[in-house]
Amino acid sequence: MNKGLLRKIAIVLIVLLNFGCDQISKEVVRQHVTPRDYIQLIGDRFILTNVENTGAMLGFGQQFPFWIKLILFQALPIMVLLILLYRILSKEHLGRWSILAFACVIGGGIGNLVDRIAYGSVTDFFQIQLGIFKTGIFNMADVSVTFGVILLLALSFSKEKSLF
């Protein structure tokens, strides 16, 4: 098997791993956690709940009209994710860390997009509170996307300049 094909298989596997972890975790929450439950996993620091988010990150856009949500939260993400996937699959000199970062963004993005299309909302279920720091309620897709974006930012300051 040639190196290019192995690279493409690895990219698809990373995307699918991120997507799969997200979808499995959401399904477990939907099946076993009552909506709006407040389950302390580690005191008040790490909370498990079940919230359906009809907007974007942290509920942004929940009040938008249907057609704006359709464009901003479904059509546009589909185009962006397809372009990103095509680019990382076709660009042969992309570094390993860049590939990992983009694959996490794509896998997480697909996870939330599938929820929006299938359910009309995204299942969020984790919240972290450390002192004055308190996150919004998020899911594993959000973790994947955030990790990927932070990694891309870090890479933009590193010697690996073949980000895209």
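Is Cys 21 buried, partly exposed or exposed? Cys 21 comes out as partly exposed, at 42% relative accessibility, on a scale where buried means under 20% relative accessible area, exposed means over 50%, and partly exposed lies in between (1.4 Å probe, protein chains only). Cys 104, by contrast, is buried, with a relative accessible area of 5%.

A word on the model first. This is a predicted model, in which local features need pLDDT of at least 70 and side-chain atom pairs count only at pLDDT 80 or more, while totals for chains, interfaces and linings use all residues. Residues are numbered from 1 along each chain as its sequence is written, and side-chain values use heavy atoms, with hydrogens and water left out.

Back to the cysteines. The structure has zero disulfides, a disulfide being a pair of cysteine sulfur atoms within 2.5 Å.

Next come the helices (H or I in DSSP runs, at least four residues; strands are E runs of at least two; both are numbered from the N terminus). Helix H1 (residues 3-32) packs against helix H2 (residues 66-90) at an angle of about 150 degrees, and their axes lie 9 Å apart. Axes here are lines fitted to C-alpha atoms over the stretch in contact, with angles running from 0 to 180 degrees between N-to-C directions. On the H1 side, Arg 7, Lys 8, Ile 11, Val 12 and Val 15 meet Leu 85, Ile 88 and Leu 89 of H2, contact meaning heavy atoms within 4.5 Å. The residues of this contact split into six nonpolar, no polar and two charged.

Ile 88 turns up again in the largest nonpolar core, which has 16 residues. Such a core is a set of buried Ala, Val, Leu, Ile, Met, Phe, Trp, Tyr and Cys residues joined through side-chain atoms within 4.5 Å. H1, H2, helix H3 (96-119) and helix H4 (140-156) each give two or more residues to this core, and H3 gives the most, with seven. A second, separate core of six residues includes Val 29 and Phe 126.

Val 29 is also among the residues touched by Thr 123, as are Asn 50 and Asp 115. Thr 123 belongs to strand E3 (residues 122-130) and is buried, at 0% relative accessibility. Its side chain makes a polar contact with the side chain of Arg 30 at 2.9 Å.

Technical notes. A polar contact is a pair of N or O atoms within 3.5 Å; within protein, one must be able to donate a hydrogen and the other to accept it, and residues adjacent in sequence count only if both atoms are side-chain atoms. Ala, Val, Leu, Ile, Met, Phe, Trp, Tyr, Cys and Pro count as nonpolar, Asp, Glu, Lys and Arg as charged, and the others, Gly among them, as polar. Lists of a residue's contacts leave out its neighbours within four places in sequence.
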